[in-house]
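This report covers aromatic contacts and nonpolar cores. The sequence and model come next.

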Amino acid sequence: MYIYILMIKLKNTNESGLLRQLSDNKLIPILPNNTRWSSKYQMLKRYIKIVESGFLSDMPNIQMYLLTPGMNRIITRILEEYKYFEASIKYLQKEDLTLGKARIIFDEVLQRFPHLHSLNMKFL
């Protein structure tokens, strides 16, 4: 939620212009699309890039919305898991995907994310 609020602030304030100017339009904030989980992944990736750029230190009005360095490390670890999940989803969308390959992907995802078993997914 904090990252979402920060992205809104960066998109709707004077800081947006400064951020675009400092980064040559490469660090434009991204807001999630509620119908696509991957947009949250994109928002988190952009958040980490913006934080790592150091440009936010020049924006005193934004400081109160920043997460701690420890929380940023947690976000980075979460992104690693999201990256694997996103790659699996993209692979499942291939046109030449066979049922056997799809089953292997589902099994690997369930092995890596065992808590998904508790979702009672009978089709898996």
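Which residue lies over the face of Y84? R112 does, at 4.2 Å from the ring centre. A charge counts as over a ring if NZ of Lys or CZ of Arg is within 6 Å of the ring centre and within 35 degrees of the ring normal.

## Basis of the values

The model is predicted: local features need pLDDT of at least 70, side-chain atom pairs count only at pLDDT 80 or more, and totals for chains, interfaces and linings use all residues. Residues are numbered from 1 along each chain as its sequence is written, and side-chain values use heavy atoms, with hydrogens and water left out.

## Aromatic pairs

There are three aromatic pairs in the structure. Rings of Phe, Tyr and Trp (its six-membered ring) pair if their centres lie within 6.5 Å; planes under 30 degrees apart are stacked, over 60 edge-to-face and the rest tilted.

One of the pairs is Y41 with Y82, edge-to-face, at 6.0 Å centre to centre and 70 degrees between the planes. This pair links distant parts of the chain, with Y41 in helix 3 (residues 37-53) and Y82 in helix 4 (residues 69-92), 41 residues apart. Helices are DSSP runs (H or I, at least four residues) numbered from the N terminus. Y41 counts as buried because its relative accessibility is 4%, whereas Y82, at 25%, counts as partly exposed. Buried means under 20% relative accessible area, exposed over 50%, and partly exposed in between (1.4 Å probe, protein chains only).

The pair of F85 and F113 is edge-to-face because the ring planes are at 90 degrees, with centres 5.4 Å apart. It also links distant parts of the chain: F85 is in helix 4 and F113 in the segment after helix 5 (99-112), 28 residues apart. F85 is partly exposed at 25% relative accessibility, and F113 is buried at 9%. Together with Y84, F85 and F113 form one aromatic cluster.

## Nonpolar cores

A nonpolar core is a set of buried Ala, Val, Leu, Ile, Met, Phe, Trp, Tyr and Cys residues joined through side-chain atoms within 4.5 Å. The largest has 18 residues, of which I3, M7, L10, Y47, I50 and I75 touch the most other members. Helix 1 (2-12), helix 3 and helix 4 each supply at least two residues of this core; the largest share, six residues, comes from helix 3. Apart from this core lies another, of five residues, including V109, L110, F113 and L116.

Beyond its neighbours within four places in sequence, L10 is in contact (heavy atoms within 4.5 Å) with E15, S16, L19, P29, I50, L56, M59 and I62.
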